[in-house]
Every structure is written in C-alpha cells, then in structure tokens.
Amino acid sequence: VERAWSPNARWLAYASEGLYVVEAGVWTPRQLVRGQASSLSRSRNSRWLAAAINGDIYRIDVVKKIVRRVTRGGQAYSPVLSPDGTRVAWLPGLKLTVSAVNGKIIRRFGERSVCDYDPRWSPSGRRIGYDHDPECDRGGSLAVVTLQGDRTRFARAIRWQWRPHAR
C-alpha cells in the first residue's frame with residue numbers, strides 16, 4: 001500500500017483498491033478515485049496528490065476535493081509531482097515523460113526502455129533523476145535530465161536521493 005502524509009500531519013493519503021484520504025481526528029477514509037491504485041506522490045505544499053490508477057495518472061486537489069485525469073491509455077505509472085505542483089513526471093512504459101497537470105505533454109526524455117523507474121524531481125524542479133536500466137537486469141544507472149533535454153548518466157546507483165537544496 002502506497003502512503004503519503006501531509007507535512008503538517010493533517011491527512012494521510014493511501015492507494016489500494018482506489019485512492020483514499022483520511023483526515024486526522026476524523027479517521028474515516030474518504031475515497032477520491034476508484035480502481036487499482038499504485039504509485040502515489042504529493043506536492044510540497046500538500047495541496048496536490050498524483051496517483052497511478054488503472055494505468056492512468058490522476059491529479060487530486062486535496063483541499064477542494066477535485067479529481068482530474070491527466071493521461072489516458074492505461075500505460076502510465078510512477079507519477080511524481082513537481083515541487084510547485086504544476087507538472088507531473090511519469091513513466092509510460094517507454095520513456096520518461098513530463099506533462100502539465102492538464103495532461104499536455106511538455107517533453108519525452110531518453111531512450112526507449114521498459115525498465116526505467118523511480119523518477120524524482122530535484123527540490124528546485126529544474127531536473128529529474130530516474131533509474132535507467134536499458135537491459136532490464138537491474139544493472140542500470142542513474143540518469144538526470146533537465147527540462148531542456150540535457151541528460152547526464154552516472155554510474156550504477158542502487159539508492160540515491162536529492163540533497164535538500166539541490167538545483
């Protein structure tokens with residue numbers, strides 16, 4: 001089960017057979033979206049959630065309780081909201097993709113690989129790091145891209161994270 005707490009601990013979102021939010025003190029789950037939910041991401045300000053449900057990406061306004069479908073086609077997974085909540089990076093099974101939260105594609109990155117996974121925005125929102133494994137043998141490397149398309153591939157990285165003030 002994927003989970004995401006708001007930084008102020010006022011709510012907990014979790015993905016299971018749908019996407020749910022539980023508010024602290026109420027403790028009654030409220031279902032926001034039905035379907036098989038997997039990946040879950042929240043924006044830095046906790047207003048927005050992104051989730052992969054039945055192979056499509058959804059963006060949810062937790063405050064106004066508005067759910068918007070970002071993708072169609074059932075091939076999307078691993079959504080990650082940008083730090084400002086205006087863009088979402090996701091993997092469609094072939095290439096890392098960044099779209100506006102309305103679904104308009106901003107850019108597709110890199111080589112085709114069904115084994116790219118775990119995209120993460122830098123704290124500034126200027127770069128995205130992800131595991132690139134073209135041979136699908138878990139022997140891949142860390143790839144970092146800018147929104148302009150510049151790409152750097154580093155040595156094999158099993159666990160990695162952005163520093164808090166990285167650009």
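This is a predicted model: local features need pLDDT of at least 70, side-chain atom pairs count only at pLDDT 80 or more; totals for chains, interfaces and linings use all residues.

Q: What share of the residues is buried?
A: A residue is called buried when its relative accessible area is under 20%. In this protein chain of 167 residues, buried residues make up 47%.

Q: How many residues of strand β7 are buried?
A: Strand β7 covers residues 56–61, and six of its six residues are buried. Both faces are covered. On one side lie D56, Y58 and I60, and on the other I57, R59 and D61.

Q: Which strands pair with β7, and in which sense?
A: Pairing is read from the bridges between two strands. Strand β6 (residues 48–53) pairs with β7 in the antiparallel sense over six bridges. Strand β8 (residues 66–69) also pairs with β7 in the antiparallel sense, over four bridges. D61 can be followed into both pairings: W48 has D61 as its bridge partner in β7, and D61 has I66 as its bridge partner in β8.

Q: How many residues lie between the strands in each hairpin, and which residue takes a positive phi?
A: The hairpin of β6 and β7 has two residues between the strands, and N54 takes a positive phi near 50 degrees there. In the hairpin of β7 and β8 there are four residues between the strands, and K65 takes a positive phi near 60 degrees.

Q: Where is S82, and is S82 buried or exposed?
A: S82 sits in the loop between β9 (77–81) and β10 (87–91). S82 counts as buried because its relative accessible area is 0%.

Q: What does S82 touch?
A: The side chain of S82 reaches the backbone nitrogen of T86 at 3.3 Å. Setting aside neighbours within four places in sequence, S82 is in contact with R87 and W121.

Q: Where is V101, and why does V101 count as buried?
A: V101 is in the loop between β11 (96–100) and β12 (105–109). V101 counts as buried because its relative accessibility is 12%, and the cut-off is under 20%.

Q: Which residues is V101 in contact with, leaving aside its neighbours within four places in sequence?
A: The contacts are with R59, R68, V70, L81, G85, T86 and R87. As for T71, V101 is 30 residues away in sequence and 9.4 Å away in space, C-alpha to C-alpha.

Q: Which strands supply the lining of the largest pocket, and what classes of residue does the lining have?
A: β1 (2–5), β5 (37–42), β9 and β13 (117–121) each supply at least two residues. β13 gives the most, with four residues. By class, the lining has ten nonpolar, five polar and five charged residues.

Q: How much space lies in the second largest pocket, and which residues line it?
A: About 180 Å³ of space lies in the second largest pocket. Its lining includes S6, W11, E23 and K65. By class, this lining has three nonpolar, four polar and four charged residues.

Notes
Residues are numbered from 1 along each chain as its sequence is written. Side-chain values use heavy atoms; hydrogens and water are left out. Buried means under 20% relative accessible area, exposed over 50%, partly exposed in between (1.4 Å probe, protein chains only). A polar contact is a pair of N or O atoms within 3.5 Å; within protein, one must be able to donate a hydrogen and the other to accept it, and residues adjacent in sequence count only if both atoms are side-chain atoms. Contact means heavy atoms within 4.5 Å. Ala, Val, Leu, Ile, Met, Phe, Trp, Tyr, Cys and Pro count as nonpolar, Asp, Glu, Lys and Arg as charged, and the others, Gly among them, as polar. On a 1 Å grid over the protein atoms alone, a cavity is a set of points where a 1.4 Å probe fits but cannot get out, and a pocket is an open set with protein on both sides within 12 Å along at least five of seven lines; lining residues have an atom within 4 Å of a point. Grid points are joined across faces, edges and corners, and a volume is the space filled by probe spheres set on the points.
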